[in-house]
Amino acid sequence: MFIGAEEGVGGRETIRASGHVQGGYFYGSPPPPPPKCHPPPPPPPPVRLERARRALEKFTRLVDDPNGYTSNWKGSDACKFRGVRCAKYPDGQQAVAGLDLNGAGLSGKKCTALMLSGLLDRIPELTFFHVNSNNFSGAIPTDITKYKFFFELDLSNNKLEGEFPKEVLQPKPKDQQLVFLDLRFNRLSGPIPPQLFDLDLDVIFINNNEFTGNLPDNFGSTPARYLTFANNQLTGPIPPSIGKASKTLTEVLFLGNHFQGCLPFQIGYLVKATVFDVSKNSLTGPIPHSFACLASIQFLNLERNQFYGEVPEMLCQLPGLRNNGSLSLSDNYFTQVGPACRNLIKNKVLDVSNNCILGLPNQRPHGQCTEFFSKIKPCPNPKNLHYVPCKGYYPHTHPAAAAPPLTYNSLNPHHLHL
């Protein structure tokens with residue numbers, strides 16, 4: 001029986017097919033089997049992540065890696081590579097957000113230079129780049145000035161040479177600027193550019209290089225909390241503008257340079273400072289009485305300079321020093337200490353060894369003191385040395401014990417744990 005298409009009840013078209021009817025049912029040819037469904041192809045890797053993966057794998061072909069730090073930089077998932085940190089970019093894609101190669105000991109293959117270009121300039125999604133204790137050299141790629149979320153740069157203990165890297169000084173929107181800059185233990189030289197102190201940095205570690213010249217006059221414009229200039233070849237005075245950093249400056253190290261002149265009284269404005277170290281320089285003059293306003297100071301080091309005169313009693317009454325702090329004035333030419341200072345000496349808080357203080361042990365020979373005082377030059381504006389911008393000497397407070405300072409860790413070439 002053949003059933004064709006025809007007008008059925010209600011104007012509907014009936015089925016046209018060949019077959020037969022039995023018991024009121026139509027048995028036609030069996031329907032064709034549904035097509036086989038193949039599993040959908042895997043989605044392509046995110047563009048940002050794949051681009052970074054290729055850059056990282058290419059980098060491994062350029063380095064000698066004696067410690068096998070990058071030995072697992074293989075495969076399709078860069079987020080599993082050692083030292084690689086991934087996060088979701090604002091457009092929703094996964095991206096390599098940070099590289100931590102601290103302590104890897106990488107160098108260029110076959111004694112070639114290990115350049116920052118080829119790695120740092122290939123991953124624009126980076127928020128931090130930490131490569132302490134490797135052998136990177138060459139210029140910092142200018143591409144980092146275009147990275148929207150790049151906040152931390154640690155190139156410490158590498159082989160960087162030449163002047164201060166101006167690539168980190170390029171102006172950027174305030175919410176896109178570096179906050180952490182660590183260039184210590186390299187071979188950088190020349191002057192420190194004033195633009196550095198206009199950046200919205202929280203940490204500036206540039207110690208143990210070969211920087212020369214004076215600190216810029218705008219030094220106090222920096223909003224940084226932690227500063228280390230130690231062990232360079234800097235000269236000239238400590239800029240009076242340092243007092244402008246009073247709202248933020250917490251720890252600052254000037255030690256091991258060739259700073260000269262008298263200390264500015266504006267240092268007394270640093271009410272948040274816990275660490276202040278100008279040891280091992282050529283500074284001179286009396287201690288400004290404004291130091292009595294260093295209400296938070298816990299570690300104060302003026303040793304191995306040419307300071308002279310009386311140690312201010314107000315300084316020895318500061319609570320942060322009295323409560324297990326540290327005040328080092330050794331190897332200078334101080335001549336007198338009062339009762340409060342003698343109490344700190346007794347408690348081994350204050351060190352005044354190798355000075356010119358009559359009646360105390362371990363002082364300079366009389367001849368050395370006489371020769372020094374025959375040649376001293378007075379500080380300019382001596383009245384400022386007696387200016388005390390704050391009120392009260394805090395003799396009756398009970399402060400917390402001194403906390404370990406952070407900036408002294410920067411004097412070790414290895415990675416910092418802040």
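Predicted model: local features only at pLDDT ≥ 70, side-chain atom pairs only at ≥ 80, totals over all residues.
Visitor: How much space lies in the largest pocket?
Guide: Happy to start there. The largest pocket has 14 lining residues, and C262, L263, P264, F265 and P380 are the closest to its centre. The space in this pocket comes to about 250 Å³.

Visitor: How many residues in the lining of the largest pocket are charged?
Guide: Good thing to check. The lining holds 10 nonpolar residues and four polar ones. The count of charged residues in this lining is no charged residue at all, that is, none.

Visitor: Which charged residue lines the second largest pocket?
Guide: This pocket has a volume of about 160 Å³. Its lining divides into seven nonpolar, two polar and one charged. Asp, Glu, Lys and Arg count as charged. The lining consists of P286, I287, H289, P312, P378, C379, P382, L385, H386 and the charged one, E310.

Visitor: Why do the buried residues of α4 lie on the same side of the helix?
Guide: Helix α4 spans residues 339-346, and its buried residues are A340, C341 and L344. They lie on the same side of α4 because, around the axis, they cover an arc of only 100°.

Visitor: Which residues are exposed on the other side of α4?
Guide: The buried residues of α4 pack against α2 (313-316), α3 (319-322), β26 (326-328) and β28 (350-351). On the other side of the helix, the exposed residues are P339 and K346.

Definitions and conventions
Residues numbered from 1 in each chain as written. Heavy atoms only, no water. 1 Å grid on protein atoms, 1.4 Å probe; cavity = no way out; pocket = protein on both sides within 12 Å on 5 of 7 lines; lining within 4 Å. Points joined across faces, edges and corners; volume = space filled by probe spheres on them. Buried < 20%, exposed > 50% of the residue type's maximum accessible area, 1.4 Å probe, protein only. Helix = DSSP H or I, 4+ residues; strand = E, 2+ residues; numbered from the N terminus. Arc of directions from axis to C-beta. Contact = heavy atoms within 4.5 Å.
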